[in-house]
Amino acid sequence: MTIPDGYSDIPSGKTVAVVTHLQMFQRPPARPERFEASWTLRKLDAPDPDWYRALFRRIGENWLWFSRLQTSDDELRGIFSNPLYEAYVFEAQGREEGLLELDFAVEGECNLSFFGLTPPMIGRGAGRWMMNRALSMAWERPIRRLWLHTCTLDHPDALAFYVRSGFTPYQRQIEVADDPRATGLLPKTAAPHVPML
C-alpha cells in the first residue's frame, strides 16, 4: 500500500501513531544504572487476568496501551503458560510498578513485547535498571536478534531511550486503531495530551 504525501483524514473515534521498529544483533555493554535496594523483578507465572490488566492499565493508560485490555482471560492464560514467553513484574518498595515481557516464539529471536513503568517510577532510573536486566535475560538465550517497537503515543523519550540502549531503528509504519477511550477500554481522561476526535 502506498501512503500519499500530504494530509490524510482520519475518521472520528480513531487514533493514529507512527510506529518505529528497532533491533539489535548482539548484546551491548550494560549502561550505567541507578539502583535502589527495594527494586526487584519477579517472574509472573499464571497471573490472574484481572490483576494483570489492572497493572497493565496503570502502566499504559497515559500512553493509550489497549491491546491486553481486550485480550480474553483464556488468551492471557495461554500467553503466560507458554514456555517461550517470559513475563516479569518490576517491584519497588513491595509495590508492583512495571512490566517486562520477552517473547522467544521465533527461533533465534526475542521480542521485547512490553516494557513499561507506572508514572511515579518514570525518571527515577528504574527504566535503565530494568532494561539492563531485559538485555541480559534476552541474550542469555541463543538468539541472533532482539527487537521491539514503540510509537508516537508512547513517552516522548521512549524512542531515544531504546536507541541509547543499543537498538537501531529499521522500519516505520502508521497504525490506525479504535481510540480505546471511545470504546470504553480506557477512561476519556486518559492520555490528555492526545486529543479525542
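Me: What makes aspartate 74 count as exposed?
Reply: Aspartate 74 has a relative accessibility of 61%, and the label exposed is given to residues over 50% relative accessible area, with buried meaning under 20% and partly exposed in between (1.4 Å probe, protein chains only). Because 61% is over 50%, aspartate 74 counts as exposed. The model is a predicted one, in which local features need pLDDT of at least 70 and side-chain atom pairs count only at pLDDT 80 or more, while totals for chains, interfaces and linings use all residues. Residues are numbered from 1 along each chain as its sequence is written, and side-chain values use heavy atoms, with hydrogens and water left out.

Me: Why is the contact of aspartate 74 with arginine 77 called a salt bridge?
Reply: The closest N and O atoms of aspartate 74 and arginine 77 are 3.3 Å apart, and a salt bridge requires a side-chain nitrogen of Lys or Arg within 4 Å of a carboxyl oxygen of Asp or Glu. The pair therefore meets the rule. Both residues belong to helix 2 (residues 73–81), where being three residues apart separates them by about one helical turn. Helices here are DSSP runs of H or I with at least four residues and strands are runs of E with at least two, numbered from the N terminus. Arginine 77, at 45% relative accessibility, counts as partly exposed.

Me: How many salt bridges does this rule give, and which residues are joined into one network?
Reply: The count comes to 17 salt bridges. Arg34, Glu36 and Arg124 make up one network, joined by salt bridges that share partners.

Me: How do you know that arginine 124 and glutamate 36 tie together parts that are apart in sequence?
Reply: Arginine 124 forms a salt bridge with glutamate 36, the closest N and O atoms lying 3.3 Å apart. Arginine 124 sits in the loop between strand 5 and helix 3, whereas glutamate 36 sits in the loop between strand 1 and strand 2, so the pair links parts that are 88 residues apart in sequence. Glutamate 36 is buried, since its relative accessible area is 17%, while arginine 124, at 30%, counts as partly exposed.

Me: Where is arginine 34 found, and what makes it count as partly exposed?
Reply: Arginine 34 is in the loop between strand 1 and strand 2 (40–43), and a relative accessibility of 43% makes it partly exposed. From C-alpha to C-alpha, arginine 34 and tryptophan 129 are 6.7 Å apart in space, although 95 residues apart in sequence.

Me: Why is glutamate 97 called buried, and which residue is its salt-bridge partner?
Reply: Glutamate 97 has a relative accessible area of 4%, which is why it is called buried. Its partner is arginine 58, with the closest N and O atoms 3.1 Å apart. Glutamate 97 lies in strand 4 (residues 95–103) and arginine 58 in helix 1 (residues 49–60), so parts that are 39 residues apart in sequence are tied together. Arginine 58, at 42%, counts as partly exposed.

Me: Which residues lie nearest the centre of the largest pocket?
Reply: A pocket, on a 1 Å grid over the protein atoms alone, is an open set of points with protein on both sides within 12 Å along at least five of seven lines, and a cavity is a set where a 1.4 Å probe fits but cannot get out; lining residues have an atom within 4 Å of a point. The largest pocket is lined by 26 residues, of which Trp65, Ser67, Ser113, Phe114 and His149 lie nearest its centre. Strand 5 provides the largest share of this lining, five residues.

Me: Which residues line the largest cavity?
Reply: Arg27, Pro28, Pro29, Ala30, Asn132, Leu135 and Ser136 line the largest cavity.
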